[in-house]
Amino acid sequence: METHTLNEARKRLEPLSTQCAFCSTGTHSSNMEDNRFSPVYRIQDRTNLLVYRNVKFNEIQIGIPRCERCRKVHSNVKLASDIAIFFGVLLVFIIPVAFAIIFNTSTFGMIVMLIVTVGLVYLGVRALEKGILSACKVISEKDGALEEPLVREFLKNGWSLDRPRA
Ligand SMILES: [Zn+2]
């Protein structure tokens, strides 16, 4: 059964369904641009190409129906995580240096502090993202993509959610 139609100009598969896949409120997407478009990449030569009217795709965006509220939640999560990363990067510089000055730690101690701070910042950012999503009862863009049958179909055929390294 056809679930998507190809928009050749924008290199994306647009969903025919409108029921939001990210929340369980049953809300419908009212605008194509509210939908989430999740990119998939062809990773190896042997894997299937999506060929359409002689155009071969190495990368295509798969549309997942998303309501306006979920689009806003996702963009707020992105914003909050960018801000947290900004302050986190500052902490990564400040904390090890502060420790070195206050406690007169060795270079080795500074490196340990650096690693610990990077780890804590990473965990903090992830916790923040998860906290916002669960408070809003919305699943992440990645989890939504993994639930989409068409995305799974591409992954089964050797495509990847991660951009291949050149
Ligand atoms: Zn929704």
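**Close-up views of a predicted model**

View 1. The model is predicted: local features need pLDDT of at least 70, side-chain atom pairs count only at pLDDT 80 or more, and totals for chains, interfaces and linings use all residues. Residues are numbered from 1 along each chain as its sequence is written. The axes of α1 (residues 68-103) and α2 (residues 107-136) come within 9 Å and cross at roughly 160°; axes are lines fitted to C-alpha atoms over the stretch in contact, with angles from 0 to 180 degrees between N-to-C directions. The two helices are therefore roughly antiparallel (over 145 degrees). Their contact comprises 21 nonpolar, 6 polar and 1 charged residues, Gly counting as polar and Asp, Glu, Lys and Arg as charged; Ala, Val, Leu, Ile, Met, Phe, Trp, Tyr, Cys and Pro are nonpolar.

**View 2. Five strands form an open sheet of mixed pairing, in the order β1-β2-β6-β3-β7.** Strands are DSSP runs of E of at least two residues, and helices are runs of H or I of at least four, numbered from the N terminus; two strands pair if DSSP finds at least two bridges between them. At the edges, β1 (4-7) and β7 (159-160) each pair on one side only. Strands β3 (residues 36-42) and β6 (residues 59-64) run antiparallel and are joined by 6 bridges. The bridge partner of S38 in β6 is I62.

**View 3. The chain is divided into domain 1 (4-68 + 140-160) and domain 2 (71-136).** These bounds come from an automatic or database domain assignment. The domain centres, taken over C-alpha atoms, are separated by 32 Å.

Conventions: Angles under 35 degrees count as roughly parallel, over 145 as roughly antiparallel, 65 to 115 as roughly perpendicular and the rest as oblique.
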